[in-house]
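Hi,

Here is the structure I promised to pass on. Have a look at it first, and my notes on what turned up follow below.

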Amino acid sequence: MSATIPTQFTGQAALKKQDPKNFDLHETKYTPRAFTEDDVIIKIDACGVCGTDLHVMTCGWGEHDQFPAITGHEIVGRVVRAGKNTTHAVGDRVGVGAQGASCGECVNCKNHEEPYCIKGFVGTYQGPTGDAVQPYTQGGYADYYQGPGHFAVRIPDGLDSAVAAPLLCAGVTVYAPLAYYGAKAGKKVGIVGIGGLGHLGVQFAKALGADVYAISHSDRKRGDAATLGATGFINTHDGADKVLAEHAASFDIILSTSDQDDMPLNELYLPLLKARGQFISVGLPNDGLPKMGWALLGKTVTGSLVGSPKELEDMFRLALEKNIRPWIETRPMSEATQTVNDMYAGKAKFRYVLVN
Ligand SMILES: [Zn+2]
Ligand SMILES: [Zn+2]
């Protein structure tokens, strides 16, 4: 089998720091680091386009020189080579999300909290490998992906590869904190931002049994939110006074997928929470969260980073059982450049998936 795997993988790469007004990716080959018995090689069927991909290609979160950069961390495909130390076999359909590796030995890794590995989160792309041939990892806008089998999870048969892909980052990013912080029947949950993450947040919160409100800055997504299963809709443009008159101190959980710099945390989100309620941010504004004042008392503000392999498995089970499906548009892998430009322009409704 391994004889049919090319010695070089081919991806759609950013060759240098990208201008966000004009992404320009090029087909590029690279040689993967030496295969180990902990690894799998996946022949990629589909890879979702995540906002993080764009941030990395434009150096939006800080300058770096790791180019060529092949991004993409919502990878689904078939195992074509499986190391002896993995639980996978050739032919298995698996997915890899945003985390490609971790130390595997620290207290957090041992407790199924790999995203919070003390030695550091190793990204599926741009992560250090310690290897001279391939010093940093490359992602899923490509024909093949190689990485530790521990971070490749089985995809249930009932889910198409392109449909499963966005669940690997966007899906688990919202599922993991909702499940952990107890979204369930009898709880009122607000999802801030109805986009790639938020449209899945509404579906997962509903699937977990909660009463879900979509919280958006205009009425544009009102219809979509209802279709996704939200029972209520809050337009923050109405102003805090009007919103709080109806909803103050009524939410158990508010999950924010927004990274807007002027988020109304003290003015609106914290006052919307009941005492002991939780505000969870999965999108972080460039300047961090606003300074908190009195509104914080009796509330918890926390952040959450993707999800562990175990949470991915739990999420896929729930997605299959409750028929949770990302809204996607598929594009050929060869159209990665146009797709990334459209993503940056905000045209995704709600996720693009590149397919081979
Ligand atoms: Zn992502
Ligand atoms: Zn660790």
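**Cavities, a pocket and a zinc site**

The lining of the second largest cavity is made up of one nonpolar, five polar and one charged residue. In that count Ala, Val, Leu, Ile, Met, Phe, Trp, Tyr, Cys and Pro are nonpolar, Asp, Glu, Lys and Arg are charged, and the others, Gly among them, are polar. The residues concerned are R33, T124, Q134, T137, Q138, Y145 and Q146, and the cavity holds about 30 Å³.

Before going further, some housekeeping: this is a predicted model, where local features need pLDDT of at least 70 and side-chain atom pairs count only at pLDDT 80 or more, while totals for chains, interfaces and linings use all residues. Residues are numbered from 1 along each chain as its sequence is written, chains are lettered from A and ligands numbered from 1 in the order written, and side-chain values use heavy atoms, leaving out hydrogens and water.

Searching the whole structure gives two cavities of 30 Å³ or more. A cavity is a set of points, on a 1 Å grid over the protein atoms alone, where a 1.4 Å probe fits but cannot get out; a pocket is an open set with protein on both sides within 12 Å along at least five of seven lines, and lining residues have an atom within 4 Å of a point. Points are joined across faces, edges and corners, and the volume is the space filled by probe spheres set on them.

The largest cavity has about 60 Å³ of space. Its lining has seven nonpolar, four polar and no charged residues, including F151, L168, V172 and P309.

F151 and P309 turn up again at the second largest pocket, where they are, with E114, G149 and H150, the nearest to the centre among 22 lining residues. That pocket contains about 470 Å³, and its lining splits into seven nonpolar, nine polar and six charged. At least two lining residues come from each of α2 (107-110), β9 (152-154) and α9 (309-321); helices (H or I, at least four residues) and strands (E, at least two) are DSSP runs numbered from the N terminus.

What holds the zinc ion (ligand 2)? The SG atoms of C103, C106, C109 and C117 do, at 2.3 to 2.4 Å (donors are N, O and S atoms within 2.8 Å of the metal, or 3.2 Å for Na, K and Ca; water is not among the atoms, so sites may look incomplete). The donor residues follow the spacing C-x2-C-x2-C-x7-C. C109 is buried at 7% relative accessible area and C117 is buried at 8%, buried being under 20% with a 1.4 Å probe and protein chains only.

Best wishes

Methods: Buried means under 20% relative accessible area, exposed over 50%, partly exposed in between (1.4 Å probe, protein chains only).
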